[in-house]
Amino acid sequence: MTTEKTPPGLDAAVSNLISALSSPQHGAVGSALGDLVNTIDHLTGANLGAAATQFMGGIDLAAATKADATPIPPTRPVEGNSLGAEIDHLSQTIAARAGDDPKSSYTASLLAAGVEKCAKKLGEEAVETALAAAKGDKAAVAAEAGDLLYHLLVLLQATGVSGDAVAAALKSRRGVSGLDEKASRPQ
């Protein structure tokens, strides 16, 4: 059972948006705007969030400057406080930043450096996560696991492997013993 987060009141949501407009933090405006839409949805019983997602998903803002731009794929609404919701949100953020200037976006700089660089960073984060676990530092494990998941999603973006493909691979293993699944792999 998931618990829905109650959106802030309308005044608070508007205030957050105004603050975000003057914030240098990347994504602050989008997050505050999302909170405002969720608040309006909550107060009115509407579903503006889904409509806005569909609308914005069909708009390619880069097309205004690039003649060969491709449409931005629609995103799915990210809800809840689960790891899955955070992975979905992070995956969407990475996809959105893929075309950004590598000088202003760490994600774009990794993707511009290529698959090998992304794979190397994933390996480094896996080692750091394992070391934190070996030390028994739960806070460090959580932080390093976050870095590991981020770099895994960047590598998936770099290789063109969708989250849906990974989900399908995982789903195909449901109910199968890990030992049996591993034994079934080609040698």
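Predicted model: local features only at pLDDT ≥ 70, side-chain atom pairs only at ≥ 80, totals over all residues.

User: Which helices are included in what covers the buried residues of α6?

Analyst: Residues are numbered from 1 along each chain as its sequence is written, and side-chain values use heavy atoms, with hydrogens and water left out. Helices are DSSP runs of H or I, at least four residues, numbered from the N terminus. Buried means under 20% relative accessible area, exposed over 50%, partly exposed in between (1.4 Å probe, protein chains only); with contact meaning heavy atoms within 4.5 Å, the cover of the buried residues of α6 includes α5 (106-113) and α7 (138-159).

User: Within what arc do the buried residues of α6 fall?

Analyst: C118, K121, L122, E125, T129 and A132 are buried in α6. The arc is that of the directions from the helix axis to the C-beta atoms. Down that axis the buried residues of α6 line one face of the helix, because they fall within an arc of 105°.

User: Which residues are exposed on the other side of α6?

Analyst: Helix α6 covers residues 115-135. On its other side the exposed residues are E116, K120, A134 and K135.

User: Which side chain meets that of E124 in a salt bridge?

Analyst: A salt bridge is a side-chain nitrogen of Lys or Arg within 4 Å of a carboxyl oxygen of Asp or Glu. E124 is partly exposed, at 30% relative accessibility. At 3.2 Å, N to O, the partner is K121.

Key. Helix = DSSP H or I, 4+ residues; strand = E, 2+ residues; numbered from the N terminus. Expected span 1.5 Å × (residues − 1).
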